[in-house]
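Biologist: I would like a close look at a single part of this protein, followed by how the rest is arranged. Please keep to what the model shows.

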Amino acid sequence: MLSFVNLTLRRGARVLIENATLQIHAGHRVGLVGRNGTGKSSLFALMQHQLAPDKGEFTRPRNWAVATVAQETPALPVVALEYALDGDTELRELEAALLKAEEAHDGEKIATLHERLYQIDAYTARARAATLLDGLGFTQQMQAKTVAEFSGGWRMRLNLARALMCRSDLLLLDEPTNHLDLDAVLWVQDWLRSYRGTLLLISHDREFLDGVCTHTLHLHGERLTLYPGNYSAFERVRAERLTQQASLRASQEREIAHLQKFVDRFKAQATKARQAQSRVKMIERIQLVAPVVADNEFHFQFRDPLKLPSPLVRLNKVSVGYGDVPQLTGLHLGIEPGERIGLLGPNGAGKSTFVKLIAGKLKEMAGEVVAHPDLVVGYFDQHQLEQLDLKASPILHFKRLDPQAREQDLRDYLGSFNFRGDRAYEAIEPFSGGEKARLALALVVYPRPNLLLLDEPTNHLDLDMRQALEIALNDYVGAVVLVSHDRHLVASVCDRLWRVADHGVQAFDGDLDDYARWLSDRARGATTPPATARKEAGAAPVPKPAAPTLSRDEIKRLRDLVRKSETRQARIGELLRRLEQKLADPGLYDNGGANDAARLLKEQSELRDELAGVEEAWLDASAQLEALGNS
């Protein structure tokens, strides 16, 4: 097991972890969570003996093999499959020893080596490596290419395959999903569930953490706390603890105020001086618990578009690609104001190509793209951070974007994205990845777009920032097209899913759970189309052809209304749950909090009224579809 005893870890003068004592048992799969910059990667370095504790001790079994993902990959001439096999170092050592024994005609040595190769299942190693690469998105043709032929993102996938190929006792994974598409994320999730060693995983993808982890290790305020259960269980337990902490602190503050009132009143009176001094000592003995500070300091919103034309953009039999080769063909669809569309599909299928087409970065090869004259696009490229000027400050970026804007207006806008005070005037080069991503997003939405195209916007964002982005997108009134491997963000924001595959873009009839089941069925060799797969999985039956009493457009409108109503009901339910947690906090009603409580109660009432209206619209639309045999 991994043991931490009174451990303190520093980086320079800064304390990252102080006086931590805990144990992680063999076979546990632990999600390491905490804000960016709190010391998660330093903790990984400690577990690899690359850092030593400043105080206390960390121990792990001496014979444990440790696997981790290399962050850099040189342009090697090694074939991808062989590079992945190199992850099993004992296999490679045995192969090299066997070659020498065969050259020396040492029969006894050859027999001993073959016995060990049999014990480590070496004869299936090549097939296992090929399966790993296939799950990570490498076709057979790609597996035969050299490492040097791949881009940086694909090389990171090769490094992940290499780490998974290692027969390790301890596997340390730092953001393993950052360079993966959703299909590969789901595959890695299933692989890690069956991993027999001890896993420590840094990730800001809560669905991934929920799907993999048996425990959660939280690094916050220099404290390291181990919770049983996955990320959702951790959130529930921690929320309960914070509520209790807030209640205890409020009680302590009331007691101190009461004692202090006596001291202030009688400290000058000789007859009461002893009692006053006694109460001073009582105040000193009360140990105030740490104040409950709202975990998420990031709150921002996107300004409303100036216009919301309909439709925003429409594609008529469009083909698009690179050079003379179309990647997507026969595209016939449109995007309306307020739509929330999530794009599904593996890397290389054409998701980014489709987004670039809508953004006007790629010209159609055939067909027609009709954009409304009032269309304003905000496009966040997955390589958006590379377009920032590292030597420039946030305020300078915006002055270049809008030279006519008043500096105070730009400072106010930057403040809404948490770039306050002198931070707005500092060069961004030393900024964290999350801060740069936040700045890039602020630049994208500054022109008040009515269509947001977001291609992997969460790669550098921690859980707090992702939550802030989710809230901002849900409040945004324009249309959103989202490409993301973060299932929680897609499920929370999008009410329509489009699958990009087989050189086309088609609506996917189902949710992300249906998509995961469909991928699993396809991996087993099933060829059932998505809608049928959803029906077999126990979801609602596939709609039958429309009855002639309603037009096709009207039926589509009803279906869209049902889908959007279901999504909105879920969102309102979540908002009501959060409000109820706030209203249940005893501290809310102390220290003049009556106004806050009244505001929250009003908000609760308005949300309940809205929920009733949404439910009524949903029931009406559902009844019409059911009557037609189209539910």
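Which residues of S16 are buried on one side, and which on the other?

Modeller: This is a predicted model, and the description below should be read as such. On one side of S16 the buried residues are Ala479, Val481 and Val483, and on the other they are Val480 and Leu482, so both faces are covered. Strand S16 spans residues 479-483, and five of its five residues are buried, so the strand is largely enclosed by the rest of the structure.

Two strands pair with S16. Strand S12, residues 340-344, pairs with S16 in the parallel sense over three bridges, and there Gly342 has Leu482 as its bridge partner. Strand S15, residues 451-455, is also parallel to S16 and is joined to it over five bridges. Leu482 is again the partner, this time of Leu454.

A separate sheet lies elsewhere in the chain order. It is open, has three strands in the order S11-S10-S13, and its pairing is antiparallel. Strand S11 (325-335) and strand S13 (366-371) are the edge strands, each pairing on one side only. From one strand to the next the twist averages 30 degrees. Strand S10, residues 313-322, is joined to S13 by five bridges, and Asn316 stands opposite Glu368 of S13. Helix H12, residues 351-359, packs on this sheet and touches S10, S11 and S13. The direction of H12 makes about 125 degrees with that of S10.

Next, the nonpolar cores. The largest has 53 residues, and Leu171 and Leu192 are those with the most contacts inside it. Helix H7, residues 152-165, gives the most to this core, with eight residues. Leaving aside neighbours within four places in sequence, the contacts of Leu171 include Ala67, Ala163, Leu164, Trp191, Leu192 and Tyr195. Thr198, Leu199 and Leu200 are also among them. A second, separate core has 48 residues, including Phe302, Phe380, Leu443 and Val493.

Trp191 also takes part in a helix pair. Helix H5, residues 125-135, packs with helix H8, residues 182-193, at an angle of about 140 degrees, and their axes are 9 Å apart. H5 is therefore oblique to H8. On the H5 side the contact is made by Thr131, Leu132 and Gly135, and on the H8 side by Ala184, Trp187 and Trp191.

The buried residues are Lys40, Ser42, Leu43, Phe44, Ala45, Leu46 and Met47. After H1 comes His49, with a positive phi near 60 degrees.

As for the whole protein, its secondary structure comes to 21 helices and 18 strands. Of the 631 residues, 46% are buried. Among contacts with a separation of 6 or more, 69% are between residues 24 or more positions apart.

Terms used:
Residues numbered from 1 in each chain as written. Predicted model: local features only at pLDDT ≥ 70, side-chain atom pairs only at ≥ 80, totals over all residues. Heavy atoms only, no water. Buried < 20%, exposed > 50% of the residue type's maximum accessible area, 1.4 Å probe, protein only. Helix = DSSP H or I, 4+ residues; strand = E, 2+ residues; numbered from the N terminus. Pairing = 2+ DSSP bridges. Core = buried A, V, L, I, M, F, W, Y, C linked by side-chain atoms within 4.5 Å. Contact = heavy atoms within 4.5 Å. Axes fitted to C-alpha atoms, helices over the stretch in contact; angles between N-to-C directions. Parallel < 35°, antiparallel > 145°, perpendicular 65-115°, else oblique.
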